[in-house]
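Biologist: I have the sequence and the coordinates open. Can you walk me through what is there?

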Amino acid sequence: MNRLVRFVPLVLLLVVIAGLVWRLATPVDTNVTSKLEGKPVPAFDLGPAIAAKPALSSRDLATGRPRIVNIFASWCVPCISEVKVLEQLKARGAAIDGIAVRDRPEDVAQFLARYGDPYERIGSDEQSRVQIALGSSGVPESFIVDRRGIIRYQHVGAIEPADVPMILDKLEQAR
Amino acid sequence: MRAFPSLRGALATKQSSSAPRSGLLRYARNDVLVALMLAIASPLLADSNLPPAYWANRQLPDPKQEGQAQALMQELRCVVCQGQSIADSDAELAGDMRDLVRRRIAAGEKPSAIRAWLVQRYGSWISYKPTGEPAAWPLWLAPLALLVVGALLVRRRISLRRRG
């Protein structure tokens, strides 16, 4: 018995090392995800982000066809490259609405003119209230909402070109 | 470490061609130059151009309500600077969350209801307050287990001493 006890520290050390190696190999996912997948979009009613485009409310999201709600901002760098991918998605039939977080109309207009405009509606979320209500933790983020206005998928970070087939697939599933 | 002197050397030769100086001064000036360049180069900060929300950095006029808001804000985790509470964080989203907390408390909502609302959205991740979920059981049981182990050790010690 006493002989075996001598090995306890060694075993503990090995366990700790194994734990460290495992965590280094597969780092923790630090993305904060929304817990609203499978639940209806919380009620909101945002004003227009620019004069030339209709505003966005939660009622506009239950329209009988699945939609992408893209949370973006003119001051967000990854959003610039994402807008191109959203335009591809739009060209392939996706319906996309935007929520501009903490933004000014002139900045949003400039962003759209310069980088592209895939949005049908854009709501202005000046104090991140709708962003918080959706359980979103940053820009860009996207939600796929099904035809009845239920959130089916949350994409944290920019939608990359490689994600397009997956997003189209999710839209198809949300039909 | 080795790359830095060579960078310095490159900068120094460039400058010495225009104005020869004593070695020490030359190095000192380059350090200042590098420091200045670093100070000017702003990192790619993702911050908006809008001012903070009204109640982000303002106390509620009612001290009792402000106290409730403070207690809750200390307990809510910032989704941007994970590891800070929204009371401590300078992130814009944390400011907007403080605004949300103060507004709702001013409107008469209970802190526990506001926390529940946020937990619904972000999961129990958002709150620093330990929950009773199975994942937190080791946290609650560890002190008890350590106490038991300690008591056993003490008992063995005492019995050994009596025998000795």
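**Chain B, then chain A**

Modeller: Let's start with chain B, whose elements run α-α-α-α-α-α from the N terminus on. Keep in mind that this is a predicted model.

Biologist: How many helices and strands does chain B have?

Modeller: Chain B has six helices and zero strands.

Biologist: And what share of chain B is buried?

Modeller: Buried residues are 17% of its 164 residues.

Biologist: Which domains is chain B divided into?

Modeller: Domain 1 covers 3-40, domain 2 covers 63-126 and domain 3 covers 134-163. The C-alpha centres of domain 2 and domain 3 of chain B are 38 Å apart.

Biologist: Is A:Q127 buried or exposed?

Modeller: A:Q127 is buried, because 23 other C-beta atoms lie within 10 Å and the cut-off for buried is 20 or more.

Biologist: How far is A:Q127 from A:R102 in sequence and in space?

Modeller: They are 25 residues apart in sequence and 6.0 Å apart in space, C-alpha to C-alpha.

Biologist: Where does A:R102 lie?

Modeller: A:R102 is in the loop between β3 (95-101) and α4 (105-115) of chain A. A:R102 is buried too, with 27 other C-beta atoms within 10 Å. Its phi is positive, about 50 degrees, although A:R102 is not a glycine.

Biologist: What about the backbone of A:S128?

Modeller: A:S128 has a positive phi of about 55 degrees and is not a glycine. A:S128 belongs to the loop between β4 and α5 of chain A. A:S128 is buried, with 28 other C-beta atoms within 10 Å.

Biologist: Let's switch to the core. Which residues of the largest nonpolar core touch the most other members?

Modeller: A:A73, A:I99, A:A100 and B:M97 do, out of 59 residues in that core. The largest share of this core, six residues, comes from α4(B).

Biologist: What is A:A100 in contact with?

Modeller: Neighbours within four places in sequence aside, A:A100 contacts A:A49, A:F72, A:A73, A:V108, A:I122, A:S124 and A:D125.

Biologist: On to the sheet. What is the strand order?

Modeller: The order is β1-β4-β3-β2-β5-β6 in chain A, an open sheet of six strands with mixed pairing. β1 (47-48) and β6 (151-156) of chain A stand at the edges, each with a single partner strand, so one side of each has no neighbour in the sheet.

Biologist: How do β1(A) and β4(A) pair?

Modeller: They pair in the antiparallel sense over two bridges. A:P48 stands opposite A:G123 in β4(A).

Biologist: And β5(A), how many of its residues are buried?

Modeller: Five of its five residues, at 141-145, are buried. A:E141, A:F143 and A:V145 point one way, while A:S142 and A:I144 point the other way.

Biologist: What are the pairings of β5(A)?

Modeller: β2 (67-72) of chain A and β5(A) are antiparallel over five bridges. There A:I71 stands opposite A:E141. β5(A) and β6(A) also pair in the antiparallel sense over five bridges. A:F143 stands opposite A:Q154 in β6(A).

Biologist: Where is the cis peptide bond?

Modeller: From A:V139 to A:P140, with omega near -10 degrees. A:P140 is in the loop between α5 and β5 of chain A.

Note on methods:
Residues are numbered from 1 along each chain as its sequence is written. Chains are lettered from A and ligands numbered from 1 in the order in which they are written. This is a predicted model: local features need pLDDT of at least 70, side-chain atom pairs count only at pLDDT 80 or more; totals for chains, interfaces and linings use all residues. Helices (H or I, at least four residues) and strands (E, at least two) are DSSP runs, numbered from the N terminus. A residue is buried if 20 or more other C-beta atoms lie within 10 Å of its own, exposed if 12 or fewer, and partly exposed in between; C-beta atoms are placed from the backbone. Domain bounds come from an automatic or database domain assignment. A nonpolar core is a set of buried Ala, Val, Leu, Ile, Met, Phe, Trp, Tyr and Cys residues joined through C-beta atoms within 7 Å. Two residues are in contact if their C-beta atoms, placed from the backbone, lie within 7 Å. Two strands pair if DSSP finds at least two bridges between them.
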